[in-house]
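Dear colleague,

Please find the structure below, handed over for your review. My findings follow directly after it.

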Amino acid sequence: MKPYPSYPHREVVDLDGVWDFHFIPGETAPALADFSPKGVAYDTIETVPGVFDATLPLAGQRGIGVYRRHVTFARGGRHIFTCGGFLLAARVFLDDREIGRTDQPYLAARFVFDAKAGGHEVVVACDNRFESTPMWKPFYDFYAYGGICRHADIMALPAEAIRRAAVTTLSLDGAVRIDLFFEEGVADGDLAVGIAFDGRAPRARKVRVAGGRASLTAKLPCPTPWSPESPALHTLTVTTPSDAITERFGLRTVEARDGRILVNGKPVKLMGYNRHEADADLGPALGPQQHLQDLRLLREMHCNFIRGCHYPQNQGFLDLCDQLGFFVWEEALGWGNPPQQLADKVFFAHQVEAARAMVRESVNHPSVILWGFLNEAASDSPESRPLYKAITDAIRGEDSSRLVTYACNRYEKDVCLEFADVIGINVYPAWYGTGCEKPREFDLIPKCFDRFEKLANRPEFRKKPLIMSEIGAGAIYGCHDRIASEWSEEYQADLIAIVIDETLARKRYSGLAIWQFCDARTYVSSTNRPRGFNNKGTFDEFRRPKMAFRVVRDKLARSGAYSR
Ligand code: ADA
């Protein structure tokens, strides 16, 4: 699915579809840096978007998946290859010449290159071995697939090429700041641009370009604010003498005040789920209908909030969240990273870059109100502070119109909370670590809510909103039990019922993201992961509802606050 922005004047070669394919098993594959596309014997096919290792014959294998297809360019000159995300690392070649590489999983990549008019061969080598990226380790609790998992295309680049036009709401009556980012080659100095909102006639403006950037302010002719109740969207088309870009955005403000999250000046309570991009069989390369179906199920439960765990989201999915009026917490890739890793120079630089790139990519989605990073990493270790500071600085340097947070499981020992605008707590009362054989220890749940309220009410955190960013229990679909004990649908439903009541009853909590929307594949290695799935979904991997579905739907419907 081709997400916003669009470039109406450019020649676009859509790369989605069927590619030739060959897999080189890890034992015989060179390091990705040494891979050459010469002489590869393509013996099968794969689809883009897609992952090559979700189904047989390559399920579970690690190595290099090589994709090839032919393209034709009408004109010679500068082109750009863009892709919404590779797994885990990739190199892209045109006629055996490398045009770009990335070792940032799930992050949009863009490579500029020169090419003659006519036919060319594009090769993408995707390495899904853990050593191909510093960003992923085998201990993450979600399966690491390999492939070109999101939309890809190639466009011809004109002389005054615009990369993005980021729109920031200055006031709900339609005043906006527009930050223009140009591709290389746009000279410093004055540039004539056209600015058009909502398909109206463009207004001529002059901007001053410096270092590939320019800024201007403008006023929308017919402003309508975006909100979940009324997710009104606007478009902005910016033209240069040779290029045009159309961005979609929403007018809305987000702030933290006195411990509450305010959207458009009004306090909101975020009620919803953590969601992996996960198909039952095919892994993370979901199609538009699947994304939409998940959002419809969330809407049926009267949810207004999604934490996109634990990586930058599919842009097409965020487009749908904008249209349907969901709030989103988007986060950069990370999971339980230990102190040594957080202090490692290469990991450090990759994390900062990943956070920055995520913000640039998603900057125009009104649905995204929270930027997150480093899920459950070692935020209790003083050596981690420089990275937490560097990431939050990088995010705020790109965008100061949203709130910054991370999901913490170090609680009172955390030494990085000062860097966050919002405190996110991941905790599993009555599931992990109760340390005894007593069934259904549900009295632990309100105690847990009390505990984090107390933490957030410390003088230094009092003004920060508080979110329960993960809480839940496993249930195997179809497992029922007369005493409603662990792993039964009854147990999970009862636990979630208490969690919802506690969140709704407490003003100090600005939100809840239940863990998790649907069962998603991980590794079998742990005794906690029967079937090789994380089974804490309210739906199983086929979106079959467990008992918790009705509980959430009925409770949130009764609360009335989140329906549209
Ligand atoms: C963590 C983590 C999730 C998942 C969850 C669980 O809090 O952030 O990705 O692993 O626990 O199911 O235990």
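The structure holds 33 aromatic pairs; rings of Phe, Tyr and Trp (for Trp, the six-membered ring) pair if their centres lie within 6.5 Å, with planes under 30 degrees apart counted as stacked, over 60 as edge-to-face and the rest as tilted. One of these involves Phe 142 and Tyr 311, whose ring centres are 5.6 Å apart and whose planes stand at 50°, so the pair is tilted. Phe 142 belongs to the loop between strand 10 (118-127) and strand 11 (147-148), and Tyr 311 to the loop between strand 24 (305-308) and helix 2 (315-324), so the pair ties together parts that are 169 residues apart in sequence. Helices (H or I, at least four residues) and strands (E, at least two) are DSSP runs, numbered from the N terminus.

Please note that this is a predicted model, in which local features need pLDDT of at least 70 and side-chain atom pairs count only at pLDDT 80 or more, while totals for chains, interfaces and linings use all residues. Residues are numbered from 1 along each chain as its sequence is written, and side-chain values use heavy atoms, with hydrogens and water left out.

As to the ligand, 13 residues surround it, the closest being Asp 141, Glu 376, Tyr 432, Glu 470 and Lys 536 (a residue is near a molecule if one of its heavy atoms lies within 4 Å of it). A polar side-chain atom of Glu 376 is 2.3 Å from an oxygen atom of the ligand. For Tyr 432, a polar side-chain atom lies 2.5 Å from a ligand oxygen atom. Taken alone, the ligand exposes 320 Å², of which the protein buries 96% (accessible areas come from the Shrake-Rupley method with a 1.4 Å probe).

In an open sheet of four strands, the order is 16-15-18-19 and the pairing is antiparallel; two strands pair if DSSP finds at least two bridges between them. Strand 16 (203-209) and strand 19 (244-249) are at the edges with a single partner strand each, so one side of each has no neighbour in the sheet. Strand 18 (residues 234-239) is joined to strand 19 by six bridges, and Thr 239 has Ala 244 of strand 19 as its bridge partner.

Another open sheet consists of three strands in the order 13-14-17, again with antiparallel pairing. Its edge strands, strand 13 (162-171) and strand 17 (213-219), each pair on one side only. Seven bridges connect strand 14 (residues 175-182) with strand 17, where Thr 217 is the bridge partner of Arg 177.

Methods: A polar contact is a pair of N or O atoms within 3.5 Å; within protein, one must be able to donate a hydrogen and the other to accept it, and residues adjacent in sequence count only if both atoms are side-chain atoms.
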